[in-house]
Amino acid sequence: MSTYDKAMTRALKLAAAAAAAGEVPVGAVLIDESSEVAAEAHNRVEELADATAHAEMLVLSDAARARGEWRLGGLTLVVTLEPCAMCATAAVWSRVDRIVYGAADLKAGAAWSLYNIPQDPRLNHHIDLEAGLMADESSQLLEDFFSKRREDPA
């Protein structure tokens with residue numbers, strides 16, 4: 001059992017809640033070294049009418065506010081889908097230590113699939129990456145969501 005299984009299980013529940021709310025099912029949990037939750041969220045793009053309201057962006061902002069500090073060293077971002085360029089870059093700027101994600105995003109992933117922003121040697125902070133944790137479960141949520149959306153686009 002991975003150190004991050006509990007956080008990913010929670011992220012999957014958040015992703016399912018996002019889907020139920022009509023959001024792309026992505027959930028994120030930010031944990032410290034003792035696996036204590038610093039912040040958690042799911043996508044809220046539709047609800048907030050905000051293209052930046054990805055789960056990752058929300059947890060980074062929530063944790064920074066709670067800490068009173070934008071530097072989030074010592075934290076791990078656990079997310080159901082590989083972060084996009086915006087979220088991967090925000091994680092770098094926030095100085096998180098590690099990103100653990102479930103499903104790869106072959107169309108927009110920026111933590112190995114299309115780009116590797118978290119480990120780009122040109123940047124001043126680098127993030128450890130772990131991919132594929134509960135990838136099947138994460139992928140299934142996304143497949144079900146988009147399949148349903150194609151059947152009933154309203």
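R98 is partly exposed, with a relative accessible area of 22%, where buried means under 20% relative accessible area, exposed over 50% and partly exposed in between, computed with a 1.4 Å probe on protein chains only. The model examined here is predicted, and for that reason local features need pLDDT of at least 70 and side-chain atom pairs count only at pLDDT 80 or more, whereas totals for chains, interfaces and linings use all residues. Residues are numbered from 1 along each chain as its sequence is written, and side-chain values use heavy atoms, with hydrogens and water left out.

R98 forms a salt bridge with E130, the closest N and O atoms being 3.8 Å apart; a salt bridge is a side-chain nitrogen of Lys or Arg within 4 Å of a carboxyl oxygen of Asp or Glu. This pair links distant parts of the chain, since R98 belongs to strand β4 and E130 to strand β5 (residues 128–131), 32 residues apart. Helices (H or I, at least four residues) and strands (E, at least two) are DSSP runs numbered from the N terminus. With a relative accessibility of 25%, E130 likewise counts as partly exposed. Salt bridges with shared partners join R98, D128 and E130 into one network.

In the whole structure, the search finds 7 salt bridges. Side chains of opposite charge can pair when their charged atoms come close. One of these salt bridges is formed by R10 and E40, whose closest N and O atoms are 2.8 Å apart. Here too distant parts of the chain are linked, R10 lying in helix α1 (residues 5–20) and E40 in strand β2, 30 residues apart. R10 is partly exposed at 33% relative accessibility, and E40 is partly exposed at 32%. Another salt bridge is found between E69 and R71, with the closest N and O atoms 2.8 Å apart; E69 is partly exposed, with a relative accessible area of 30%, and R71 is partly exposed at 43%.

The strands that carry several of these residues belong to an open sheet of 5 strands, which has the order β2-β1-β3-β4-β5 and mixed pairing, two strands being paired if DSSP finds at least two bridges between them. The edge strands are β2 and β5, each of which pairs on one side only, and the twist averages 15° from one strand to the next. Strands β4 and β5 pair in the parallel sense over 4 bridges, and V100 stands opposite E130 in β5. Helix α1 lies across β1, β2, β3 and β4 and runs at about 145° to β1; for such values, axes are lines fitted to C-alpha atoms, for helices over the stretch in contact, and angles run from 0 to 180 degrees between N-to-C directions. Helix α5 (residues 135–151) also packs on the sheet, where it touches β3 and β4 and makes about 60° with the direction of β4.

Within strand β3 lies T80, which counts as buried at 2% relative accessibility. When neighbours within four places in sequence are left aside, T80 is in contact (heavy atoms within 4.5 Å) with M8, A11, L12, A15, P25, V26, G27, G102, A103 and S138.

The largest nonpolar core has 34 residues, and those with the most contacts inside it are L30, L72, V96 and I99; a nonpolar core is a set of buried Ala, Val, Leu, Ile, Met, Phe, Trp, Tyr and Cys residues joined through side-chain atoms within 4.5 Å. Two or more residues of this core come from each of β1 (27–31), β2 (37–42), α3 (55–67), β3 (76–81), α4 (85–94) and β4 (98–103), and α3 gives the most, with 7 residues. Apart from its neighbours within four places in sequence, L30 is in contact with E36, V37, A38, A39, V59, L60, A63, L72, L75, T76, L77 and V96. A second, separate core has 12 residues, including A7, L12, L14 and I31.

Finally, the structure holds 1 aromatic pair, for which rings of Phe, Tyr and Trp (its six-membered ring) must have centres within 6.5 Å, planes under 30 degrees apart counting as stacked, over 60 as edge-to-face and the rest as tilted. The pair is formed by F145 and F146 and is edge-to-face, with 5.0 Å from centre to centre and 85° between the planes. F145 is buried at 9% relative accessibility, whereas F146 is partly exposed, with a relative accessible area of 31%.
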